[in-house]
Amino acid sequence: MIISKITRQKELNDRYNIFTMKQGKDVYAFSVDEAVLVKYQLRKGMELDSLLLNQIQYTDEIRKGYHTAVRYLAKVKRTEMEVRTHLSAKMENDSLVSEVMTKLTDMKFIDDEDYAFSYVRTQRNTTTKGPEAIKRELKEKGIRMELIDRAMEELSYEDQVLAAQKIVVKFLAGRNKDSKKILMQKLDQTLVRKGYTADIIQEVKRMPEILEMDTDELETVRIHGEKARRKYAKYTGYEFTQKMKQFLYRKGFSMDLIEQYLDEMEREI
């Protein structure tokens with residue numbers, strides 16, 4: 001194979017089309033990256049044997065994979081696993097993918113340690129995610145546990161408490177119709193889902209907003225009690241009282257508080 005012409009591509013200025021002569025005409029043979037063109041000193045009249053051609057094309061595939069990865073990394077930081085997965089979907093040859101990954105790592109385009117620390121700091125500063133949620137997300141991105149554990153040192157106990165407190169304040173806003181027991185069960189579920197551990201959950205439950213709920217509990221049981229009175233208005237005496245107790249107990253109120261409410265209702269009657 002003898003190169004008869006080399007032209008720059010219009011859409012990709014860093015790639016060149018290589019032509020060979022067939023039946024007196026220039027026929028497109030393959031294209032290469034500019035760096036490959038320079039490396040192998042490709043020029044008009046140069047003869048290419050099969051071994052050299054394979055080397056050129058192998059090197060060019062690595063260059064294409066490299067550019068693919070760089071474009072992928074240009075938008076946002078990625079982990080080694082994410083980049084490898086992306087390249088594997090674009091390139092059929094695993095050895096080519098490994099070559100590209102080595103080049104990216106050597107050039108510091110991929111650094112899982114830096115990624116893990118940056119990710120934890122970003123989540124700490126911009127979200128209210130708990131430590132378990134952040135760990136889970138890093139693991140899903142392919143970060144090794146030893147790196148995750150080190151990176152999590154960026155999230156102090158105080159940071160976790162402050163973030164959890166924000167969740168509590170938002171959770172309690174406008175939620176004054178449930179008993180404290182039911183509210184605490186729902187709050188537990190929310191905090192666990194957000195990735196908080198038991199010690200942080202217990203810590204935030206000592207917030208004034210929660211401790212003050214005990215003084216408002218009687219008012220809450222009155223709200224539910226009025227609904228129950230209307231619902232069981234057709235009942236009287238012992239049956240009415242039992243229906244009321246069962247209804248309010250299912251709502252999460254303590255028997256002492258229920259008895260207090262029923263005594264208050266009886267005095268009104």
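Predicted model: local features only at pLDDT ≥ 70, side-chain atom pairs only at ≥ 80, totals over all residues.
User: Why is the contact of Lys-205 with Asp-188 called a salt bridge?

Analyst: A salt bridge requires a side-chain nitrogen of Lys or Arg within 4 Å of a carboxyl oxygen of Asp or Glu. The closest N and O atoms of Lys-205 and Asp-188 are 2.8 Å apart, so the pair qualifies. The pair links distant parts of the chain, with Lys-205 in the loop between α10 (198–204) and α11 (208–211) and Asp-188 in helix α9 (residues 180–193), 17 residues apart.

User: What makes Lys-205 buried or exposed?

Analyst: Buried means under 20% relative accessible area, exposed over 50%, and partly exposed in between (1.4 Å probe, protein chains only). Lys-205 has a relative accessible area of 18% and is therefore buried. Asp-188, at 26%, is partly exposed.

User: How do you know that Arg-84 and Glu-80 form a salt bridge?

Analyst: Their closest N and O atoms are 3.9 Å apart, so the pair meets the cut-off. Arg-84 has a relative accessible area of 31% and is partly exposed; Glu-80, at 34%, is also partly exposed.

User: How many salt bridges are found in the whole structure?

Analyst: The search finds 15.

Definitions and conventions: Residues numbered from 1 in each chain as written. Heavy atoms only, no water. Helix = DSSP H or I, 4+ residues; strand = E, 2+ residues; numbered from the N terminus.
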